Amino acid sequence: MPPSPAPAPARPRFYLFINGILTSPEDRHSWTDRAVTWTESHYGHLADRYEYFSDALTRRLFQEARVRDCAARLRQYANIDRIVVGHSNGADIACRLLCLEKEPSLELAALHLLAPAAEADFEKNGLNHALLTGRLGQVHLYCSRNDAALRLAQFTQLFSFLGLGYGSLGRTGPQNVDPRIADRVTVTWRDDFGHSTWFAPAEFAKTMASIVETV
C-alpha cells in the first residue's frame, strides 16, 4: 500500500493587533506586545502590532490616518492570510480598513473585535458589504452587556455630529446582519467581563486561544 500523502501545510497567517485609546505605545506590558509574543512563540504565526496614543476626545482627529497606516502594514503581507484583531477603538479602525476606497484589493481572512467601540449596524460599518463581496472571511465578536466603558460611550453618540461618538457593538452585539452571511459572524458573550477583562492575567491565554485557534 502506498504511503499516505503528507497533509497539506496550513496557510501561513499574519496577525495585526490594534489597541484602543489611552494606551501608551511605550508600555512593553501592553496587551498588544504580549499578543505578538504569544502568537509567534506559541503558534508560529507572523504577528505585529499597531500602537498609538489617543485620548477620548481627540481620537477621531487622526482615525483615518491610523486606518491608512494599518492598511500599509497589511500590504506587506499580501500573499498570506491576514487577520486583524482590534480592542475598543482598535475595532473601529479594523472595520474602517474594509471601507477604504483607495484599497479595493485589501482582503482579510478574519476580524476579531474585542469590546468593540464600533458601529453596531453591519450596514453602516461596512461589514455586510465586506462579507458579501469576499473581502472578509469571518467576523468574531467578543462582547459584554455589562461593559461599563461602552455603556458610557453610548451616550457620546449624542455628539456624533461633532465627531465624538463611539459605537456600541461590544455591548449591544451586531445589528442588521445580512442573513446571507450571518453564519460567518460569531459572537462570544461574557457578561461578567469589563472592558479589558479579555486581557487580564487569568483570561489572556484563553483569549489568545480563541483568536489564534480559529481563523
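Residues are numbered from 1 along each chain as its sequence is written, and side-chain values use heavy atoms, with hydrogens and water left out.

The protein chain has a mean pLDDT of 90, and 90% of its residues reach 70 or more; pLDDT is the predictor's confidence in each residue, from 0 to 100. Over residues 5-9 the pLDDT is below 50, and this stretch has zero contacts in the model beyond near neighbours in sequence (contact means heavy atoms within 4.5 Å). Where pLDDT is low, the predicted coordinates should not be read in detail.

Helices and strands here are DSSP runs, H or I of at least four residues for helices and E of at least two for strands, numbered from the N terminus. Two packed helices are described by the angle between their axes and the distance between the axes. For helix α1 (residues 31-43) and helix α7 (residues 204-212), the angle is about 65° and the axes are 11 Å apart. The axes are lines fitted to C-alpha atoms, for helices over the stretch in contact, and angles run from 0 to 180 degrees between N-to-C directions. From α1, the residues Trp31, Arg34, Ala35, Trp38, Thr39 and Tyr43 meet Phe204, Ala205, Met208, Ala209 and Val212 of α7.

Helix α3 (residues 89-97) is mostly covered, with eight of its nine residues buried. Buried means under 20% relative accessible area, exposed over 50%, and partly exposed in between (1.4 Å probe, protein chains only). Among the buried residues of α3 are Asn89, Asp92, Ile93 and Leu97. Their cover includes β1 (13-18), α2 (63-75), β3 (81-87), β4 (108-114) and α4 (127-132).

Valine 139 lies in strand β5 (residues 136-143). Valine 139 counts as buried because its relative accessibility is 0%. Not counting residues up to four places away in sequence, valine 139 touches Leu111, Phe122, Leu127, Leu131, Arg184, Val185 and Thr186. Leucine 111 is 28 residues from valine 139 in sequence, yet the two are 4.9 Å apart, C-alpha to C-alpha.

The structure holds eight aromatic pairs. Rings of Phe, Tyr and Trp (its six-membered ring) pair if their centres lie within 6.5 Å; planes under 30 degrees apart count as stacked, over 60 as edge-to-face and the rest as tilted. Tyrosine 142 and tryptophan 198 are edge-to-face, at 5.7 Å centre to centre and 80° between the planes. Tyrosine 142 is in strand β5 and tryptophan 198 in the loop between β6 (185-189) and α7, 56 residues apart. Tryptophan 198 is buried, with a relative accessible area of 4%. Tryptophan 198 also pairs with phenylalanine 193: their ring centres are 4.6 Å apart and their planes at 70°, so this pair is edge-to-face. Elsewhere, ring pairs link Tyr15, Phe17, Trp31 and Phe199 into a cluster.

Proline 25 is in the loop between β1 and α1. Proline 25 counts as partly exposed because its relative accessibility is 31%. Leaving aside neighbours within four places in sequence, proline 25 is in contact with Glu51, Tyr52 and Phe53.
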